[in-house]
Amino acid sequence: MPDVFADLVGQDEAVAELRRAAAAASAVLRAGAADRAPALIAAGPAGDAESAPAGDAAPGGVDPSAGMTHAWIFTGPPGSGRSVAARAFAAALQCVHGTGCGECPGCRTTMGGTHADVRLVVPEGLSIGVSEMRALVLRAASTPSGGRWQVVVIEDADRLTEAAGNALLKAIEEPPPRTVFLLCAPSTHPDDISVTIRSRCRVVPLRQPPAAAVAEVLVRRDGIAPDVAQWAAAAAQGHVGRARRLARDPEARKRREAVLAVPRRLTGVGAAFDAASALIEAAEAEAEASVTEADTAERAALETALGAGGTGRGAAGAIRGAAGQLKELEKRQKSRATRAQRDALDRALVDLAGFYRDSLTMALGAPVAPVHTDTAALAGAGAQKWDAEGALRRLEAVLACRAAIEANVKPRIAVEAMMLALWKG
Ligand SMILES: [Zn+2]
């Protein structure tokens, strides 16, 4: 039976550190049961494992809390497994054996998302607001019902609003003795995570997993045929979730093929604008498909909870209150739809960047495998026509488009500018 870290692909160093920390956390609990609960060592202003103070270990003894701290940041490129790592570590902290065995109730309920002392924040909109964060911090301060740790996992901590970040910072600065915060962010750059929060956390950097490691996990865990797994792992450029979707979902494969058909369609100005429209509309359609089901279910659940259609006394007041709640739900759903559209568009741009990257490496004669094996011939033709410089300019146009959208340029404008640049070279 594989343990909770088995799905963390190609991250041996991070896994070793997390195993040590889980063992240390377990030792803290044992020491606490035998004596008084020793406090965890807070990460100092420098914040890293190397520079964390060793604590006041008894002479000849080992401080039980060395190796463990109460606030962590998992960083790495999208798809490297930040949230997988955070969840696995949460499970190891709740594991009755302190190892993340994968079999005990603590491990299984955490991995299944039902452990009472593990709270997971997955932002659906563009940001995590302050009210959500305050409520979370408050609940996280309570005594763990399972007797181990209160664990708060915040996925996409880079989407915290400034006010929410401040609320979180307060909790991290004066943490309740049994509360552990696990944040996930693309990097520790100040754009992603505030310097003050970062200074209180230990950082676990994850790398982009190699395609072979991704393919291996698709075969082992998902039962995907080895040749399909290898193709999908390369095409997904190290993004584990994306590789699984490509291997399993014909719709995802169709969307990718449409994106990779863009370069050969750019025959003129009109074609460039058409390609921009097609890309935007495909992203909208993909996003709509992904959120519609959840939207409808949420609205129905809220209407039931509010007793829609009631006619008794007090119904009028209830309806007034209901209007506010429905409005709040609509706002949240709109924010989620916008996020889903941006994510879909970004995936398309990453695929397109992979194509021009292939052209560039071929023009340079670099001895590396192509990202998209199925369009390698087309990328090779581009390499001959454009040379390395032309391929590089096109790759830069795609990356500039991503950056512009991230900086809130209207997606249609950014994509149109990119298509024109790709056509002109
Ligand atoms: Zn366990």
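Before starting, I reminded myself that axes here are lines fitted to C-alpha atoms, for helices over the stretch in contact, and that angles run from 0 to 180 degrees between N-to-C directions. I also noted that this is a predicted model.

Entry on the helix pair. I looked up α2 (residues 82-94) and α3 (residues 105-112): their axes cross at roughly 150° and come within 7 Å. Angles over 145 degrees count as roughly antiparallel, and that makes α2 roughly antiparallel to α3. I checked the hand of the α2 and α3 crossing too, and it is right-handed.

Next I asked which residues in α2 meet α3. From α2 I listed Arg-87, Ala-88, Ala-90, Ala-91 and Gln-94, and they meet Gly-106, Cys-107, Thr-110 and Met-111 in α3. I sorted the residues of this contact into five nonpolar, three polar and one charged.

Entry on the cores. The largest nonpolar core has 36 residues, and I found that Met-68, Trp-72, Phe-74, Phe-89 and Leu-182 touch the most other members. Two or more residues each come from α1 (12-34), β1 (71-75), α2, β3 (150-154) and β4 (179-185). Of these, α1 gives the most, with nine residues.

Last, I noted a second, separate core of 32 residues, with Leu-266, Ala-272, Ala-275 and Val-398 among them.

Terms used:
Residues are numbered from 1 along each chain as its sequence is written. This is a predicted model: local features need pLDDT of at least 70, side-chain atom pairs count only at pLDDT 80 or more; totals for chains, interfaces and linings use all residues. Side-chain values use heavy atoms; hydrogens and water are left out. Helices (H or I, at least four residues) and strands (E, at least two) are DSSP runs, numbered from the N terminus. Angles under 35 degrees count as roughly parallel, over 145 as roughly antiparallel, 65 to 115 as roughly perpendicular and the rest as oblique. A crossing is left-handed if the near helix is turned anticlockwise from the far one by less than a right angle, and right-handed if clockwise. Contact means heavy atoms within 4.5 Å. Ala, Val, Leu, Ile, Met, Phe, Trp, Tyr, Cys and Pro count as nonpolar, Asp, Glu, Lys and Arg as charged, and the others, Gly among them, as polar. A nonpolar core is a set of buried Ala, Val, Leu, Ile, Met, Phe, Trp, Tyr and Cys residues joined through side-chain atoms within 4.5 Å. Buried means under 20% relative accessible area, exposed over 50%, partly exposed in between (1.4 Å probe, protein chains only).
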